[in-house]
Amino acid sequence: MASLTIRKLDETVKTYLRLRSAGNGRSLEEEVRVILGDLIQGRPESSAARAPSVAAPDAQSRAPRRAHDEARVTLIIGGGVAAYKALDLIRRLKERSIHVRCVLTRAAQQFVTPLSASALSNERAYTDLFDPSSEFDAGHIRLGRDCDLIVVAPATADLMAKMAQGHADDLASAILLAANRPILLAPAMNPLMWNNAATRRNTAQLARDGVAMIGPNAGEMAEAHEAGVGRMAEPLEIAAAVEKLLRPPPPRPLAGKHVLITAGPTHEPIDPVRYIANRSSGKQGFAIATAAQAAGADVTLISGPVDLDDPAGVRVRHVESAREMLAQVEASLPVDIAIFAAAVADWRVAQAGEQKLKKTSAGMPPLQLVENPDILATISKLREKRPPLVIGFAAETEHLIANAKAKLARKGCDWIVANDVSPATGVMGGDRNTVHLLIRDGGAISVDSWPVMTKEQVATELVGRIAETLSVKTPEKTS
Ligand SMILES: Cc1cc2nc3c(=O)[nH]c(=O)nc-3n(C[C@H](O)[C@H](O)[C@H](O)COP(=O)(O)O)c2cc1C
């Protein structure tokens, strides 16, 4: 589509495009896509789109992907029996929302047709280095750059030899030589070819050149009575390797750390059917548990009664009262980080009725309150098993910072997350929070006031601060 359109463009427009795409380190086709994307979304010209000027040729390889683009793979199909599996690979990649553009070597076309590759990829399949009907920009450059990853499957012994030697006498090898994108090979060949000294040398050279490889696997060969290492990795395995290269897993700064979090209100029984409670929804504590789990931590969440689903991948202990919560907290120690976000009731009824209290002519039953255990202070002041980082929450309705500072000193914790829970703020039960992070550092207390955020954003920010602090305290060991 783009090639035809571009070829028919006015010379001045073509020159502009050519210079602009070179300046931005993009192919012509990608440049047109960026311009159209900006136009449709009503953005001013992309900030990445510099005025036509020539940039370093490898600038594109470092350019971050634009979020709205789908991942793009150039799939080079080599001339081996396993070429038929490449057709399945196209499907597997497309299932993962990866755009695929196929290139078939001359030998590959003996095994599968460009038509099949084209039909499955919904894209034109490319076969020739000197293709008069192809783009007016050099196809071998474009196909090696207008993508995020080049996959060669099957990678024949011949293609690998050409790559290792730097040949460029057909479209596939020229793309591979001109590429500035990562390359993943899925070798497939007879075990004797794979074990041949020349292939061994070429494989080692390609590894040194930074080329990634998946397989080959051991198993039966297409040739009768032959088995050994040489089978191409299965399409699903290759697709998983592609995903890993395209979408590397997010960093896990809290991997290996055990994080304990309390959340929600507590219910303090008056009798079997009545209780004292508060308006805490548990949303902030649950969001922190989710963020800590996403950061790789082993998370224990001790939750009072809430109307929320347990976060995936988190160990959840459900409790009712403050005393049950403390017991579960103590049973979970030792931990590396303890975050006390629960709104624990300060008082409970001294003698909760065993039976439902009845209305009587004697008037209202006297409810004597006694103090609940202070979970934050108890854990902060432990001699043994005190977590290295203890974080409390201060929910205040007045004198927020002053009260939070006093709480930090009184409880003996390390950090306090202070939030104003006056009814007007909508914090209790709501989805947003405005917090101030108080950090005790020796005798001083620093106050960091964050803007209004969703509770998930507060959680991510808090987990980020924790990870930052731990990385400063425990620098990576160097050997
Ligand atoms: C039936 C048949 C099957 C083949 N299978 C393979 C194979 O699995 N792996 C391989 O490296 N070469 C295989 N070859 C040899 C390649 O097709 C040959 O080396 C060709 O030049 C590779 O071209 P290409 O690397 O440009 O695709 C096979 C050849 C034939 C005739």
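Modeller: The model is predicted. Around the ligand there are 15 residues, and the closest are Gly-79, Gly-80, Thr-105, Ala-107 and Thr-156. By class, this shell holds nine nonpolar residues, five polar ones and one charged. Helix α8, residues 157-165, supplies three residues of the shell, the largest share. That makes α8 the part to examine.

Within α8, the buried residues are Ala-157, Leu-159, Met-160, Lys-162 and Met-163. The elements that cover them include the strands β3 (149-155) and β4 (183-187), together with the helices α9 (171-178), α10 (191-195) and α11 (197-208). Just past the end of α8, Gly-166 adopts a positive phi of about 80 degrees.

Two of the covering helices can be described in more detail. A pair of packed helices is characterised by the angle between the two axes and by the distance between them.

For α8 and α9, the packing angle is about 40 degrees and the axes are 10 Å apart. Angles under 35 degrees would count as roughly parallel, so α8 and α9 are oblique to each other. Their crossing is right-handed. On the α8 side the contact involves Leu-159, Lys-162 and Met-163, and on the α9 side Ala-172, Ser-173 and Leu-176. The residues of this contact comprise four nonpolar, one polar and one charged. Leu-159, Lys-162 and Met-163 are also among the buried residues of α8. An α-helix has 3.6 residues a turn, so residues three or four places apart point the same way.

For α8 and α11, the angle is about 55 degrees, with the axes 9 Å apart. The crossing of α8 and α11 is left-handed. From α8, the residues in this contact are Ala-157, Met-160, Ala-161, Met-163 and Ala-164; from α11, they are Ala-198, Thr-199, Asn-202, Thr-203, Gln-205 and Leu-206. Sorted by class, the contact of α8 with α11 has seven nonpolar and four polar residues, and no charged ones. Met-163 of α8 takes part in the contact with α9 and also in the contact with α11.

As for the chain around this helix, its secondary structure comes to 17 helices and 21 strands. Of its 479 residues, 38% are buried. Among contacts with a separation of 6 or more, 69% are between residues 24 or more positions apart.

The peptide bond joining Gly-215 and Pro-216 is cis, with omega about 0 degrees, and Pro-216 sits in the loop between β5 (212-213) and β6 (217-220). Another cis peptide bond runs from Leu-333 to Pro-334, with omega near 0 degrees; Pro-334 belongs to the loop between α14 (322-332) and β13 (337-340).

Ser-97 is not a glycine, yet has a positive phi of about 60 degrees. Ser-97 lies in the loop between α5 (83-95) and β2 (98-104) and is exposed, with 8 other C-beta atoms within 10 Å. His-399, also not a glycine, has a positive phi of about 45 degrees. The loop that holds His-399 is the one between β16 (389-396) and α16 (400-411). His-399 counts as exposed, with 10 C-beta neighbours inside 10 Å.

Definitions and conventions: Residues are numbered from 1 along each chain as its sequence is written. This is a predicted model: local features need pLDDT of at least 70, side-chain atom pairs count only at pLDDT 80 or more; totals for chains, interfaces and linings use all residues. A residue is near a molecule or strand if its C-beta atom, placed from the backbone, lies within 6 Å of it. Helices (H or I, at least four residues) and strands (E, at least two) are DSSP runs, numbered from the N terminus. Ala, Val, Leu, Ile, Met, Phe, Trp, Tyr, Cys and Pro count as nonpolar, Asp, Glu, Lys and Arg as charged, and the others, Gly among them, as polar. A residue is buried if 20 or more other C-beta atoms lie within 10 Å of its own, exposed if 12 or fewer, and partly exposed in between; C-beta atoms are placed from the backbone. Two residues are in contact if their C-beta atoms, placed from the backbone, lie within 7 Å. Axes are lines fitted to C-alpha atoms, for helices over the stretch in contact, and angles run from 0 to 180 degrees between N-to-C directions. Angles under 35 degrees count as roughly parallel, over 145 as roughly antiparallel, 65 to 115 as roughly perpendicular and the rest as oblique. A crossing is left-handed if the near helix is turned anticlockwise from the far one by less than a right angle, and right-handed if clockwise.
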